[in-house]
Structures are given as structure tokens and as C-alpha cells.
Amino acid sequence: MEELRKLEQVQETLSFMQSRGVVVSSSDNNDDSNRFLANLILLLVVNFLPALALPSACFCCFPFILKENLTDFHALKVQPSGKLDMAEKCSLILEYVPKLSASFLEEALPRLSQEGTQVNCFRSGIVNENDCGEALVGLDGMQRANSTLEDFSFLFYLLSTVVVFLVQLDSLNEKIVNMPTDGVTVSERGFEEVVLFSMQKAYEKQVSKLIDILKSDPFRPLVSLLERHGLLTERIVEEFRCGEEYWALERKLCCALMTKKEISVEDVMRAIHLKSFDYRVLNLILYQLRGEEVNNLHMEFLSISEFLVEISDDLFDYEDDVLENNFNILRMFVRIYGPATAPTMIAKYITESEEKYNRLLKSLDPQLSSNYQRRCEEATKEGGKITGHPLGTWSIPPLIVDEESYRYNLLNMK
């Protein structure tokens, strides 16, 4: 039933797009392109629009709602869409999102929301009541929301551009992390296919160019974009520098793992603290868009929260990161401390960080703190955790002592 409802929503969106002239008619993959745009518009209307109307007291929660929805947006971008490749999807986003006017979104919200014309009162803030006291979207409310919708069109275009660009650079760095750099040669049993492919002349030349991009002002297009809209600050520029430093550390540490070289815990901890630079960039852009001074207490709290999320993600993705040779704190700790001590050291950092997290949480405005905790509990349930602690529990996966054999066995399984 759920899949059928989604198909009906997509079809309704396609009909709405056609009635408003928002259709692709100049490509070889018109049907795939229009379906992709229909799913994108549904994501905007159902997820982003309600989140943008949160009360100002919930501002600290907004980046996390934004993160969740941008994750959905990234999932939409990478999931199969007929014959469309990643470049074509990004091109569609950049071409058509700016064309989604406020009037288009005004009409789309009641027509395409999952509950018809009903929306959640708390999340929308645009409410009329019928005799049953149900929350409805009325004409007066839509008129009052016009400026919000116009802001949204610009906001989503800007943030989606930033996110797509950062995701592409991060993916690029992960792809080249196994390539020979600075005299380091990766030659590990089980990765013959990767090495042989990488040694092809054309591919080598391409990778060399991509490495040059990462090493020579990779954020220049974003800097120009933000500067053009009066949103660039020195603090955002500093976060871009943190991104460059993280990618360099990721390459250094992952190459060291593959070549059995020494790894320092200082480099590992520096890398994992830098890793969330992209979310800090988004947070800082949001402050600029709201015309507010950056709240350093909020940023400090978000920083420790991001650190815990990065550890949680690394524990969850541990096996995949071993297979793909991605940066992962547990991988690094197994190399530094050995399999017997690594879990204890991870637990130590988690405990210390949770103490700081709880201390900073108590320093926030009580309403803000309550809203934030409620949102975290909702996100935990949405992730499938319905029992136990409301924020989930920590779980360290079985350790992989011999990564080379693990990769070889998986890559050679029939």
C-alpha cells in the first residue's frame, strides 16, 4: 500500500508539473528526467517546506532537520533513475530548482502533501480550522506564506548547490584515496582490479587532474557563489580550509593503513573533528540567511553533537569502510591500539564527549533544549529504533583484524 501511495503521489506530481509547464522536453531521457523532477518536488513540498516554517525558538533544531532532509535529497540523487547518471541529475537540479516559483509551490503544497490539504499545525504554522478543529491550509495562510515560499526557492537552490558540490568533492577524494600520491604506492592483494584499472593511462591522467583540483582551491566556485549573494564570511572560509585539511588527512591515513605505515592518534582525532565541516558550513550559511550573529554556544554544542554522530556513523559503516578503504575511527584505533584495546579507547572518547554534550545541553535555552531532544528522539525512531534508550545505544561491531584477507574474501566471493 505504501508503494502504491508513493506511485500515486508521483503521478499526481507529474500531472501538476505538466499543467504548469515544468517538464523536460529537450533530452533523450524525458520520462526519466520528469520522474526525477517529480520525486524532487515531492521531497521539497512534503519535507522541506514544513521544516522552514519552524518557530524561531527551534532554530537550533533546524540544521538537524535540514541534515535529515538533505540526506533524503542525497539519497534521491544517487538512487537509480532510469538512464540518468549523476551529472545529468545535478544538471536537472541546478536548471529547474530556480524555476520553482513561490506561486508554483503555493499550489503544490496542498495538492501534493501526503495528507491532502491537511498539514501538521506545529510544523507549518499556517493554520485555519474547520468545524472539527483540523489543521487546514487556507488561502489567507498561503498568501501570508508567500514571502516564505520565495525565500524557500532561493534557500533550497543555494543549499542544494552547496551540498551537491561538497558531496561530489568528498566522493572524489574517496575515489582517489587508493591512488599513488606523493610516492606512495598501493599494492594490496584483493585490489588487483582497482590497481590495474587505475594504471590505465587515460584514467591516470584523469585522476591526476582531479587531485590537482582538490589541492588547488577546490572551493572557489562555492566561495564565488556565496560572495555573490553577500553570504561569505571569514568563518565559512575557515571551514573550507578545514575541509581541505580533512581530505588531505583522509588520503594520508587511508594510504598509511594500506601500506602498513605508522598512524598517529593526533592525526586521527584531528580528522574526525574536521570531518563535519560541511554541516558547519550549512549552519553558518543559515545564520547569514537569517541575518543573525553566530551563536558560539550553539556552534560548540552542535560540534560535540556532530562528533558523536561521526563516531556512531563510523561504527555502523565499519565493514563497508574497511572494504572501500574509507576513513573510519574504529579502523584507525584497531591499527593504533590493537583489537584488544581499541573498543576501550572508543568507549573512553564517547564517554568524555557525552559528558560535554550533556553539560552544553543544559546550557541551552530550556525550550530549545527540549525541542532538540524531542527531534533527536523522533530521528531515532525514524531510523528503526523503537525499544531501549530513546536516543539509541552504542554498539561496537566485531573487529576486523586482517583487513587484507577480509577484502580479498569478499571481493572474490561468487
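**Group meeting: a walk through the core of a predicted model**

Hi everyone, let's start in the middle of the protein: the largest nonpolar core has 66 residues, and Phe327 and Phe333 touch the most other members. By nonpolar core I mean a set of buried Ala, Val, Leu, Ile, Met, Phe, Trp, Tyr and Cys residues joined through side-chain atoms within 4.5 Å. Buried means under 20% relative accessible area, exposed over 50%, and partly exposed in between, with a 1.4 Å probe and protein chains only. Which helix gives the most to this core? That is helix α12, residues 234–258, with 10 residues. Helices here are DSSP runs of H or I with at least four residues, strands are E runs of at least two, and both are numbered from the N terminus.

Some housekeeping before we go on. This is a predicted model, in which local features need pLDDT of at least 70, side-chain atom pairs count only at pLDDT 80 or more, and totals for chains, interfaces and linings use all residues. Residues are numbered from 1 along each chain as its sequence is written, and side-chain values use heavy atoms, with hydrogens and water left out.

Back to phenylalanine 327. Once neighbours within four places in sequence are set aside, its contacts (heavy atoms within 4.5 Å) include Tyr246, Glu250, Leu253 and Cys254, and also Val268, Ala271, Ile272 and Met332. Lys275, Asp314 and Asp321 are among its contacts too. There is also a second, separate core, with 16 residues, including Met17, Leu37, Leu42 and Leu84.

Now the overall picture. The protein has 20 helices and two strands. Of its 414 residues, 45% are buried. Among contacts with a separation of 6 or more, 74% are between residues 24 or more positions apart.

How confident is the predictor, on average? The mean pLDDT, which is the predictor's confidence in each residue from 0 to 100, is 74, and 62% of the residues score at least 70. Two stretches deserve a flag. Residues 115–139 have pLDDT below 50, and the model gives this stretch 41 contacts beyond near neighbours in sequence. Residues 141–149 also stay under 50, with 13 contacts beyond four places in sequence.

On to the aromatics. Rings of Phe, Tyr and Trp (for Trp, the six-membered ring) pair if their centres lie within 6.5 Å; planes under 30 degrees apart count as stacked, over 60 as edge-to-face and the rest as tilted. That rule gives 10 aromatic pairs. One of them joins tryptophan 247 and phenylalanine 277, edge-to-face, at 5.5 Å centre to centre with 90° between the planes. Tryptophan 247 is in helix α12 and phenylalanine 277 in helix α14 (residues 277–290), so this pair ties together parts 30 residues apart in sequence. Both residues are buried, and together with Phe219 and Phe240 they form one aromatic cluster.

What about cysteines? How many disulfides are there? Zero, taking a disulfide as a pair of cysteine sulfur atoms within 2.5 Å. For cysteine 254, the nearest cysteine sulfur belongs to cysteine 255, 7.3 Å away. Cysteine 254 is buried at 0% relative accessibility, and cysteine 242 is buried at 10%.

Last stop: the loops. Asparagine 328 is in the loop between α16 (318–324) and α17 (329–337). Is asparagine 328 buried or exposed? Buried, with a relative accessible area of 0%. Not counting residues up to four places away in sequence, asparagine 328 touches Asp314, Asp317, Tyr318 and Asp321.

Asparagine 325 is in the loop between α16 and α17. Its phi is near 55°, a positive value in a residue other than glycine, and asparagine 325 is buried at 0% relative accessibility. Lysine 260, in the loop between α12 and α13 (265–274), has a positive phi near 60°. Lysine 260, however, is exposed, at 53% relative accessibility.

Thanks, everyone, and I'm happy to take questions.
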